[in-house]
Amino acid sequence: MTTCFRWVFVVLAVYILLKSILSLLSTRATPEVWGYLYVEDGVSQPITHWENVIGRSSSADLNLEIKTVSKNHAILNRRSGGRWMIKDLGSKNGTIVNGTRLLPSKRYIISPGDEINMSGVKCRVASMSLEESRNNSQMRSMDKSPVAPWRIMLAVTLFQLLTIIQLVIGMGSDCNPRDLLSIVLLSVVMWAYVLVFRSKGRKGFEMELIAFFMSTINLAVAATSAPGSAIKELIALCMGLGLMIFMCIYLRDLDRTKKVRPVVAGLSVGLLLFNLVFGTVKYGAANWVRIGSFGFQPSELVKLAFICIGAATLEELFQRKNTILYALFSLFCLGCLALMGDFGTALIFFVTYLVVSFLRSGDFSKLILTVVGAGIMGLMVLRFKPYIMNRFAAWGHVWMDPDGSGYQQTRTMSFGAGGGLLGLGAGNGSLKYIPAADTDLVFGYVMEEWGFIIAVLLVLCIITLSLFAVNSIIAGRSTFYTIGACGAATMFLFQTMLNIFGAVDLFPLTGVTFPFVSVGGTSMITSWAMLAYFKAADMRKDASLAIGKTEEGDYA
């Protein structure tokens, strides 16, 4: 009977993910025309982005191949009410609007029809005609709509029901009723979430349904590794879902989001300093803070701030001060994590910094210097942190000392391989008796009890979100949202790589979690909240909570 269930699990998981993945990766948001830039020689260029660089450079959004125009001459940003904001980027010959020379670094609001003189080249911004506006609407109607959520939700619900039955059969008298209740409540939360926002006209729920599927595995892992603890995971999930909804609504207003970043940075600094002073050591790293029976990891919450502070509008990308502040904030975060001995999280932050920095500057030479400098700092950390050095010393040699330094990895590979394609069934594994099995080694845990196929599908979930973030660059409202989504994707993807490769000895065991799957309240909250950055970059019509609809039918 349980063998039959395990085949059904695989079929349901493949169906859930294929429907969600194909919808996410096959749906394209068509870039729309928001206006036109007319040049005096009669040439007109469609404005297809909310943020545009005007200049001679081939990479400029609005290219003017005239020698007197600077490579990056000015920025043109779309504002509400059909108006535009223009800012000179310190061009050699300056920018003049209606006879007034613009001061560098100052923003000016202009209206369609205003004359813009860039180094003697006269231009003007024109609004869309009624016909063009109708064409935009028609183009949107031709886009493939997100897949309807109902069949996927029914499949996830059936998966959850069978999980409950599997837990009852596999664990017998050890099965805690609270764990079963937590899976039932998870299904209720999923249906309530979709029904509420579906009633508000939202259509795209693929990302959330992928997360609900992965969270079901999380609750099952919690139920078998520490009976009675799944309800805590569910509470953390609800907190993360609530935080995601709040962030989606807050991210709608980009100006408001930019204003709150100094506050977010200050809170992050405070959290890390608090961790340094009051942190307790667990598995060699002082990255936990305990208040009574309650424990949390401040560094997990700082991930959300790290992305928010690293993301930047097109205007901010040309401000050196903004880049320096982000570099200093990143250096502070990495320094604190090094002092805590949290090598894994420090690596995640560093790789995210490299990706975000490249997206902000496009300069490979600076990244190479950064990597060299980080390598020197990493060697110093290894010199003064013997715990981390021991992890590196064991890397690639775990079978030489299977009962010592290689104890966790050898058990993970042995027990994980024993699960085969379909797994032994929830509650029937042996890896749960190994330290950190449900967190750092959770990939092997899933392989043993749920099978290799489902373990691979979980990895495919993370890859899908990452590919969607890359696709969002084409039609993104702002570089802030696209950089934010790519930053979140980097964290998810690299964190998953560290978790899996560390568990099977392809990389040193760094002690990081698998997003949505590893047991841990703070990790679950952060994973769900991180989805807000993906939702903010989703430009499909009526798909995202992070895009509000104005009375004029425009999106903001």
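Select helix α6, residues 230-251: its 22 residues should span 32 Å at 1.5 Å a residue, and its end C-alpha atoms are 31 Å apart, which agrees. The expected span is 1.5 Å times one less than the number of residues. Helices (H or I, at least four residues) and strands (E, at least two) are DSSP runs, numbered from the N terminus. This is a predicted model, in which local features need pLDDT of at least 70 and side-chain atom pairs count only at pLDDT 80 or more, while totals for chains, interfaces and linings use all residues. Residues are numbered from 1 along each chain as its sequence is written, and side-chain values use heavy atoms, without hydrogens and water.

Next, select α5, residues 206-225. Its 20 residues reach 29 Å from first C-alpha to last, close to the 28 Å expected. Of these 20 residues, 19 are buried.

Now turn to the strands. Two strands pair if DSSP finds at least two bridges between them. An open sheet of five strands has the order β4-β3-β5-β6-β9, with mixed pairing. Its edge strands, β4 (62-63) and β9 (107-110), each pair on one side only. Inspect β5 (residues 74-78) and β6 (residues 84-88), which are antiparallel over five bridges; Leu 76 stands opposite Ile 86 in β6.

Finally, select β10 (residues 115-118) and β11, antiparallel over four bridges. They form a hairpin with two residues between them, and Ser 119 in the turn has a positive phi of about 55 degrees.

Technical notes
Buried < 20%, exposed > 50% of the residue type's maximum accessible area, 1.4 Å probe, protein only.
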